Amino acid sequence: MNINPAKTLLLIVDVQNDFCPGGALAVNEGDSVVAPLNALSSALSQKGGRAAATQDWHPAEHSSFSQWPPHCVKGTKGADFHPGLDLNNVSIIIRKGFRQELDSYSAFFENDSCTATGLEGCIKQTNIETVIIGGLATDYCVLYSAMDCRRLGFNTIVVSDAIRGVGQPEGSVEKAIETMKSNGIQFYTSQEILDVLG
């Protein structure tokens, strides 16, 4: 694992109340990603790295609600970040999925694969080379974000203990991990990354 902390971004994907236990679209053990992400965010900031976070930010009648229960409606408690998530080191917040007719799984592009969220431009201006990704959910927003990140040319690492999946349809989490690995995306635990960051 070759990381230059000053050229590394931690991307925290959709760690929001509605995706955590008790939320409208709860991911099993979704809140367990908070502690490792906080540890990485703190360690990285001390070494000159950066952190960004994404938020699903849907209008009340969003098109995705035909597939999923209504979730992360903008301005509601469900759309808020998990209260335990440390945002002190987060310098970029990307809100996605706010166009009524267009969903957005990836942190980089809406689901039409061409409408940019602005994240790529933000981080290219700061000479980021490596993006470390964790959050929710493994088989949707983490998968799409990691695949786009890799496609855009960034060294892409997923934090294996800081992701949790929906698991619908059955086997989707395993398939997502296999897809990411086969496309050159690396997987390390938060402790392995912390050890490299020193």
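# Salt bridges, core and cysteines

E29 is partly exposed, with a relative accessible area of 44%. The model described here is predicted. R164 forms a salt bridge with E29, in which the closest N and O atoms are 3.3 Å apart. Because R164 belongs to strand β5 (residues 155–164) and E29 to the loop between β1 and α1, this pair ties together parts that are 135 residues apart in sequence.

The structure holds seven salt bridges in total. In another of them, the side chains of D14 and K96 meet at 2.9 Å, N to O. D14 lies in the loop between β1 (8–13) and α1 (34–46) and K96 in strand β3 (residues 90–96), so this contact joins parts that are 82 residues apart in sequence. Both D14 and K96 are buried.

R99 and E110 also meet in a salt bridge, at 2.7 Å, N to O. Both residues lie in the loop between β3 and α2 (119–124), eleven residues apart in sequence. Salt bridges with shared partners join D14, D56 and K96 into one network.

The largest nonpolar core has 60 residues, of which L11, F108, L119, I123, V131 and I133 touch the most other members. Helix α3 (residues 138–151) supplies the largest share of this core, six residues. The contacts of L119 include L11, A52, I92, I94, A107 and F108.

The structure contains zero disulfides. For C72, the nearest cysteine sulfur is that of C141, 8.9 Å away; for C114, the nearest is also that of C141, 18 Å away.

Relative accessibility of selected residues:

| Residue | Relative accessibility | Class |
|---|---|---|
| C72 | 0% | buried |
| E110 | 3% | buried |
| R164 | 21% | partly exposed |
| R99 | 29% | partly exposed |
| C114 | 57% | exposed |

How values were computed:
Residues numbered from 1 in each chain as written. Predicted model: local features only at pLDDT ≥ 70, side-chain atom pairs only at ≥ 80, totals over all residues. Heavy atoms only, no water. Disulfide = S-S within 2.5 Å. Buried < 20%, exposed > 50% of the residue type's maximum accessible area, 1.4 Å probe, protein only. Core = buried A, V, L, I, M, F, W, Y, C linked by side-chain atoms within 4.5 Å. Helix = DSSP H or I, 4+ residues; strand = E, 2+ residues; numbered from the N terminus. Contact = heavy atoms within 4.5 Å. Salt bridge = Lys/Arg side-chain N within 4 Å of Asp/Glu carboxyl O. Lists of a residue's contacts leave out its neighbours within four places in sequence.
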